[in-house]
Amino acid sequence: MKVLKFGGTSVGSAQRMKDVAGLICDGEQKVVVLSAMSGTTNSLVEISDYLYRKNHDGANEVVNRLADKYAGVIGELYRTQEYRDRAGELVMSCLDGIRSLVKDLFTLFEERVIVAQGEMMSTGMMNLYLNEMGVKSVIIPALDYMRTDKNAEPDSVYIREKLSSLLAENPDADLYITQGFICRNAYNEIDNLQRGGSDYTASLVGAAIRAGEIQIWTDIDGMHNNDPRVVDHTSPVRHLNFDEAAELAYFGAKILHPTCILPAKLNNIPVRLLNTMQPDAPGTTISNDMEKGKIKAVAAKDNIISIKVKSGRMLLATGFLRKVFEIFETHRTPIDMVTTSEVGVSVTVDSPGRIEEIVNDLKKYGTVTVDRDMVIICVVGDLEWENLGFEARIIAALGDVPVRMISYGGSNFNVSLLVRSADKKRALQALSEHLFHS
């Protein structure tokens, strides 16, 4: 059985929902994971913001806008009045549930309940549309099987057992429709998976049912070999290893969250990134297979801050690095890149919130220099150290670009370089020319 996930843009209108129905109704039994319709989650977060501030009129105004939006979609999506009425009742039930929270004390728990309604509406509407078409589809509520433990990590044993039981209750269904993103936590409260959202749901579901393949459908034709928003003439990468894909996702390739593919990797389930707007395009396949001797892609991560600590006392000083890293741990700020020398260490972070406190603590150990508005550029592929010339090609491409840091050797799959934001476009274009077009 396959697992197919469709994002908010893919179900963002009545026509898009019809297009998705056409893709999933091919006679094969499958699980379909749906996000909320595009724009809905933002509206639900806006409602929550108003309720935190006790602005009930503002919250009701956004709810009314959502009601109008969904009424228009319902009118266009269904052929019969019976199904329009049923879909209208479904949507109004969700929105009335939100309105019922307007008068109550508002906490994070209520916010999570509100945010969950987007997926509840999109899956309910899609299921009704499929039923109207005569398709045997059923809703498998994510809140009945998707659960996290006390560490906010997915409870894989619970998920597998509960999901298998729910699927067994409907063995003759053609399609199983379920919600992405939402779950219950260890205390049985409505919660969400946060990292990776619906992609993470699809990967967890695929691992639970030992799926033959997981498909992530978006509005982009797979992962590209560079950022198409910045660089001309990029092209999709047809195959990536899971580790390569994780590196690209972490360092800026927005099509995929780095965490969400881990369950698929561990269970050796291939993941395909496909384009709802171009369903015949091959997209990108991610698996445990590795294409040797190839550089695959370049990605960039913006809004980076570099911090350099220089100390003459560092030479042969035991515990210096530990003390430096403990400061970042104390301030709960993760580090992206690290380079060291005998008299100093440079690191990068992408979270500016605690920089002043971190810098003040680091000054106990040396002279501190901070560079803001930087970009990490990550070159990904088979970069084993035995592969002659790859690092030289990367460095040669940036011969006219000032490079603040270079990190290589921590992984067999990437070389990371730190440049100024002002040099980002020039650097990405130069890498494309030297690595992919020369």
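## Salt bridges

The structure holds 24 salt bridges. The model is a predicted one.

## A link between strands E1 and E7

One of the salt bridges joins Lys2 and Glu213, with 4.0 Å between the closest N and O atoms. This pair connects distant parts of the chain: Lys2 belongs to strand E1 (residues 2-6) and Glu213 to strand E7 (residues 213-218), and the two are 211 residues apart. Together with Arg272, Lys2 and Glu213 are linked in a network of salt bridges.

Lys2 has a relative accessibility of 29% and so counts as partly exposed. Glu213 has a relative accessible area of 13% and is therefore buried, the limit for that class being under 20%.

## Salt bridges between partly exposed residues

In helix H10 (residues 320-330), Arg322 and Glu326 are four residues apart, which means that about one helical turn separates them. Their side chains meet in a salt bridge, at 3.3 Å from N to O. Arg322 is partly exposed, at 48% relative accessible area, and Glu326 is likewise partly exposed, at 37%.

A further salt bridge is formed by Arg354 and Glu357, whose closest N and O atoms lie 3.6 Å apart. Arg354 counts as partly exposed with a relative accessibility of 36%. Glu357 is also partly exposed, with a relative accessible area of 35%.

## The largest nonpolar core

The largest nonpolar core has 103 residues. The members that touch the most other members are Val3, Phe6, Ile47, Tyr78, Met125, Tyr145 and Met146. Helix H5 (residues 108-132) gives the most to this core, contributing ten residues.

Met125 can be followed through its contacts. Leaving aside residues up to four places away in sequence, Met125 touches Met17, Tyr70, Val73, Ile74, Leu77, Tyr78, Leu90 and Val91. One of these contacts, Tyr78, is itself listed with Met125 among the core members that touch the most others.

## A separate core

Notes
Residues numbered from 1 in each chain as written. Predicted model: local features only at pLDDT ≥ 70, side-chain atom pairs only at ≥ 80, totals over all residues. Heavy atoms only, no water. Core = buried A, V, L, I, M, F, W, Y, C linked by side-chain atoms within 4.5 Å. Buried < 20%, exposed > 50% of the residue type's maximum accessible area, 1.4 Å probe, protein only. Contact = heavy atoms within 4.5 Å.
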